[in-house]
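Here is a friendly walk through one protein model. Please keep the sequence and the 3D view open as you read.

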Amino acid sequence: MNVTNCRNCGRLFNVMSNEKICPACRAKLDEKFGQVKEYLREHTSASIDEVSRENEVSVKQIKQWIREERLTFAEGSLEGIDCENCGRMILTGRFCDSCKAKLANNLMSAYTSPTPTTGSPKRIARDSDRMRFL
C-alpha cells in the first residue's frame with residue numbers, strides 16, 4: 001500500500017494510482033472546476049485572468065484544465081495556449097492539429113511490420129571456409 005503526502009494540503013493519503021492530491025482536495029478542485037465552467041457559460045468572452053480572479057482559481061490550474069481538454073477557448077478567441085511542439089496558438093489540448101498528425105504518422109510508421117525479403121539469404125564469403133560439425 002502506497003502512502004504519500006498531498007501536494008495541496010500536506011496530509012497523508014493512500015495512493016491508488018498516480019494521484020498527487022488527496023481525495024478531499026480533489027473534491028474541492030472538482031467543485032472549483034464546476035464553478036469555473038458555470039462562469040464561462042455566462043461570460044463566454046472572459047479572459048484567463050478574469051476567470052482566475054472571479055473564481056479564486058490559479059491561472060496555472062485553468063491552463064492545466066485547458067491542456068487536459070476539460071476547458072477550451074471560444075472559437076475566434078484572441079487568447080490561447082501554446083502548442084508544446086511548435087509554439088503555435090491553440091484553443092485546447094497540448095498540440096496543434098498539424099503536430100498531432102505528425103506524431104500519429106511517426107507512431108504508425110514505427111508500428112508497421114518489416115517487409116519480408118525475397119530470395120534466399122546471401123552467404124557471407126567467410127562462412128564458406130569454416131569447418132562444420134554434425
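## Basis of the model

This is a predicted model, in which local features need pLDDT of at least 70 and side-chain atom pairs count only at pLDDT 80 or more, while totals for chains, interfaces and linings use all residues. Residues are numbered from 1 along each chain as its sequence is written, and side-chain values use heavy atoms, with hydrogens and water left out.

## Overall layout

The protein chain contains four helices and four strands. Helices here are DSSP runs of H or I with at least four residues, strands are runs of E with at least two, and both are numbered from the N terminus. Starting at the N terminus, the order of elements is β-β-α-α-α-β-β-α.

Of the 134 residues in the protein chain, 21% are buried. Buried means under 20% relative accessible area, exposed means over 50%, and partly exposed lies in between (1.4 Å probe, protein chains only). Among contacts in the protein chain with a separation of 6 or more, 18% involve residues 24 or more positions apart; a contact means heavy atoms within 4.5 Å.

## How α2 meets α3

Take a look at helix α2 (residues 48–55) and helix α3 (residues 59–67): their axes come within 9 Å and cross at roughly 120 degrees. The axes are lines fitted to C-alpha atoms, for helices over the stretch in contact, and angles run from 0 to 180 degrees between N-to-C directions. The two helices α2 and α3 are therefore oblique to each other. Angles under 35 degrees count as roughly parallel, over 145 as roughly antiparallel, 65 to 115 as roughly perpendicular, and the rest as oblique.

On the α2 side, the contact is made by Ile 48, Asp 49, Val 51 and Ser 52, and on the α3 side by Val 59, Ile 62, Lys 63 and Ile 66. These residues of the contact of α2 with α3 divide into five nonpolar, one polar and two charged. Here Ala, Val, Leu, Ile, Met, Phe, Trp, Tyr, Cys and Pro count as nonpolar, Asp, Glu, Lys and Arg as charged, and the others, Gly among them, as polar.

## The aromatic pair

How many aromatic pairs does a search of the whole structure find? The search finds one. The ring centres of Phe 33 and Trp 65 are 5.1 Å apart and their planes stand at 70 degrees, so the pair is edge-to-face. Rings of Phe, Tyr and Trp (its six-membered ring) pair if their centres lie within 6.5 Å; planes under 30 degrees apart count as stacked, over 60 as edge-to-face and the rest as tilted.

Phe 33 sits in helix α1 (residues 23–42) and Trp 65 in helix α3, so the pair ties together parts that are 32 residues apart in sequence. Phe 33 is buried at 11% relative accessibility, and Trp 65 is buried at 1%.

Ser 52 belongs to helix α2 and is buried, with 13% relative accessibility. Leaving aside neighbours within four places in sequence, Ser 52 is in contact with Val 57, Ser 58, Val 59 and Ile 62. Asn 55 is also placed in helix α2 and is buried at 4% relative accessible area. Not counting residues up to four places away in sequence, Asn 55 touches Lys 32, Gln 35, Val 36 and Tyr 39.

Arg 94 lies in the loop between β4 (89–90) and α4 (97–111) and is partly exposed at 42% relative accessibility. Not counting residues up to four places away in sequence, Arg 94 touches Arg 67, Asp 82, Cys 83 and Glu 84.
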